[in-house]
Amino acid sequence: MAETDKDDLISIIEENDKDATLPDTLPLLPIRDIVIFNDMLLPLFVGREKSILAVEKAVAKDGFLFLVTQKDPGIENPKPDQIYTIGTVGRILRMLKLPDGSIKTLVQGIAKARIVKYVSKKSFYLAKIEIVEESPVEEINLKIEALMRNVREHSENILALRGEMNTDVTTVLESIDDPGKLADLVASNLRLKIDESQILLELIDPVKRLEKVNDFLSREVELSSMQAKIQSDVRDEISKNQRDYFLREQVRAIHRELGESDEKSLEIEDYKKKIKNARMSNEANKESLKQLKRLDQMHPDSAEASVIRTYLDWMVDMPWSKTTRDIIDVKYAKKVLDKDHFGLNKVKDRILEYLSVRKLQPKMKGPILCFVGPPGVGKTSLGQAIASAMKRKFIRISLGGIRDEAEIRGHRRTYIGALPGRILQGLKQCGKNNPVFMMDEIDKLGSDFRGDPSSALLEALDPEQNSAFSDHYLNLPFDLSKVMFILTANLTDTIPSALLDRMEVITLSGYTEEEKKAIAQRHLVPRQIKENGLTSKTMTISPGALHQIITEYTSEAGLRNLEREIGALCRKVARKIAEGDKGPFRITKNNLQQYLGVPKYFSEMDQENSQVGLSTGLAWTQVGGEVLYVEVSLISGKGELIITGQIGDVMQESARAALSYARANLSSLGVQENIFENKDVHIHVPAGATPKDGPSAGIAMATALISVLVNRPVNKDVAMTGEITLRGRVLPIGGLKEKALGALRAGIRSVIIPEKNKKDLVEIPLNIKRKINFVPVKNMEKVLSLAFDERVMDNR
């Protein structure tokens with residue numbers, strides 16, 4: 001320690017300090033992170049205000065200080081119960097005041113002591129102590145000698161493993177013949193935890209303390225040995241890697257001298273050729289060469305080199321400039337679309353319009369189409385037909401259930417196993433940058449803590465932005481403007497509005513019976529006959545049987561169940577042939593039940609007769625149009641409204657509006673004004689297990705309610721759809737074509753529709769109009785007159 005002024009440096013070194021009498025009351029200094037043993041000499045840095053006052057008090061008196069470890073080192077001002085009771089009396093040998101106000105002291109442990117009580121707790125802790133006398137070892141027997149020798153050997157082993165062994169340490173260890181002092185010396189130099197060191201300090205018996213030190217030494221020897229082994233292995237691995245690197249460099253130098261190339265050089269040259277042939281954008285080409293330069297400077301077996309190789313493989317395999325040449329023949333395209341799909345004229349016209357504009361303007365951006373319709377109407381197969389008509393590659397991915405944004409944008413390269421998103425994966429798979437790209441089930445995207453995939457699609461599906469689509473993995477812009485994106489959905493309700501705004505929605509409502517029959521004869525029957533190993537000579541299905549399958553064995557907007565039933569017929573026939581029957585087999589209306597069993601559906605209505613309080617509404621679901629029955633009953637009560645059948649909030653509001661309309665018009669209906677004083681209205685919409693919502697059942701609810709009030713049955717052959725207002729006006733609804741198809745499947749003869757939906761009748765096929773009488777209405781008075789009139793079904 002350097003010499004300083006007397007005010008800053010106080011030396012308190014006295015001769016014969018062993019003979020000094022220890023006072024029984026001393027300033028207490030709580031210390032952290034260390035336990036002080038007897039004869040231990042160490043410097044302490046004191047910075048807490050109370051601790052500084054305690055040190056100054058000790059220096060001003062006789063230099064003695066009671067050093068006790070606090071239980072939690074993180075506590076700035078420990079309380080008495082947060083300090084151990086046994087510590088060490090220390091003597092301050094030197095003290096230096098530092099410029100920041102803290103103190104550096106050199107202390108030496110003198111004796112072990114115990115706190116009797118705290119005399120003062122104000123400015124600093126002043127404690128009354130009693131010296132803890134150790135029981136002397138009267139005789140060092142063989143066991144104690146062996147224990148001491150074992151402790152010395154363990155200590156030397158640990159120091160040797162740490163590289164700290166020297167002859168002075170051995171001399172000091174050998175010169176100590178007292179078990180207690182040996183235990184304290186070794187314990188003060190072991191890397192023990194605070195609670196372990198405190199346990200040793202509180203052991204009064206020197207032999208037991210030495211045994212405990214021996215246990216800790218044994219554990220420390222094992223830890224040090226393992227640590228030394230790990231360090232040795234690391235050094236050996238580093239040495240091996242350096243040796244391998246130098247050898248490889250020598251081999252490369254030898255190959256260069258011989259005019260040959262090694263594997264790494266060949267790999268680098270191969271990547272250079274692939275990067276050149278890929279005809280990337282300038283930005284992508286610059287990044288690829290940068291990563292290739294990094295790869296050339298790396299060890300070929302390093303983990304980072306493997307990541308760069310994978311990245312370069314993706315870069316050179318992406319179709320940066322590989323385009324399918326469009327051979328646009330509008331007449332040929334129409335022929336292909338008509339061959340693969342019956343009907344769907346609106347969709348076909350939109351595709352042919354796109355091809356026509358593409359022929360006149362080759363640089364136009366690809367459209368973003370969204371086919372919306374029930375399952376089985378041919379949305380996915382229509383996309384394949386479009387690709388075939390345009391002679392482009394076709395890619396299809398399913399978005400149903402995807403919740404991770406990285407599925408669209410890709411993972412960043414910092415993650416293990418990172419890959420580009422589904423869009424770029426599809427483009428790499430097809431090898432062209434202008435395919436027909438179909439994304440199925442866009443309405444079934446999810447979102448969670450990993451991000452929102454629908455938001456990630458906003459950039460990809462925006463013609464103004466997707467020319468520079470950025471994937472997290474490539475981290476470079478990629479041009480998607482040449483891709484023709486086609487999306488499919490059952491409903492648009494669950495598609496975010498921002499995403500829906502970027503798409504051109506084309507609705508596929510479903511097929512009529514005639515369309516299903518034509519599609520089955522052209523496509524489904526031949527396909528199922530072929531797939532089941534039959535021929536047109538061994539099996540035929542009559543038109544009457546086909547019509548019966550459509551009307552009595554299926555009830556759907558699409559064609560999936562129809563194809564399943566036809567497949568079931570083919571399997572039955574295949575089994576008969578396999579069992580030895582020769583055939584041929586002709587399926588007719590008369591023998592159809594032998595193959596498919598009893599009919600599952602009936603074309604006539606579920607209700608046999610017109611009933612009071614039962615009306616027929618029409619619903620539009622994700623599987624097409626369906627009939628919706630509304631039942632109303634008046635029961636004894638207090639005028640409350642009871643609604644059952646899993647009805648949503650919007651539909652419940654329609655029920656309340658219907659009730660309010662009825663109550664406001666009781667006198668004109670010829671009903672008593674006080675009828676609701678002791679009657680409750682119960683509205684039920686079967687089936688109870690199916691959730692329902694929407695405003696279009698408003699007039700059906702009002703009709704069923706008024707039917708109960710006036711005790712007149714509602715015509716069972718009349719269905720109705722429309723939203724009701726409190727003034728009795730009938731507002732327009734959506735999905736008229738789908739609802740009309742559902743009514744046709746259910747055998748409905750007349751459908752009451754809002755007056756403002758009259759314009760939508762243009763989109764309904766003529767064969768449906770011939771079978772169903774559509775009656776436009778403006779208000780509830782007209783609805784009631786039609787619903788209660790048995791002759792409305794003949795008023796065509």
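Predicted model: local features only at pLDDT ≥ 70, side-chain atom pairs only at ≥ 80, totals over all residues.
Residues are numbered from 1 along each chain as its sequence is written, and side-chain values use heavy atoms, with hydrogens and water left out.

Strand 9 and strand 10 (residues 436–440) run parallel and share five bridges; pairing here takes at least two DSSP bridges between the strands. Arg396 finds its bridge partner in Met438 of strand 10. Both strands sit in an open, parallel-paired sheet of five strands, ordered 9-10-13-8-14. Strand 9 (394–398) and strand 14 (504–507) form the edges, each pairing on one side only. On average, neighbouring strands of this sheet are turned by 20° against each other, direction ignored.

Turning to the helices, helix 8 (residues 282–297) packs on helix 9 (residues 303–317) at about 150°, axes 10 Å apart. Axes are lines fitted to C-alpha atoms, for helices over the stretch in contact, and angles run from 0 to 180 degrees between N-to-C directions. Helices (H or I, at least four residues) and strands (E, at least two) are DSSP runs, numbered from the N terminus. The two helices are therefore roughly antiparallel, a label for angles over 145 degrees. Among the residues in contact (heavy atoms within 4.5 Å), Leu292 and Leu295 are included on the helix 8 side, and Ile308 and Leu312 on that of helix 9.

Technical notes
Parallel < 35°, antiparallel > 145°, perpendicular 65-115°, else oblique.
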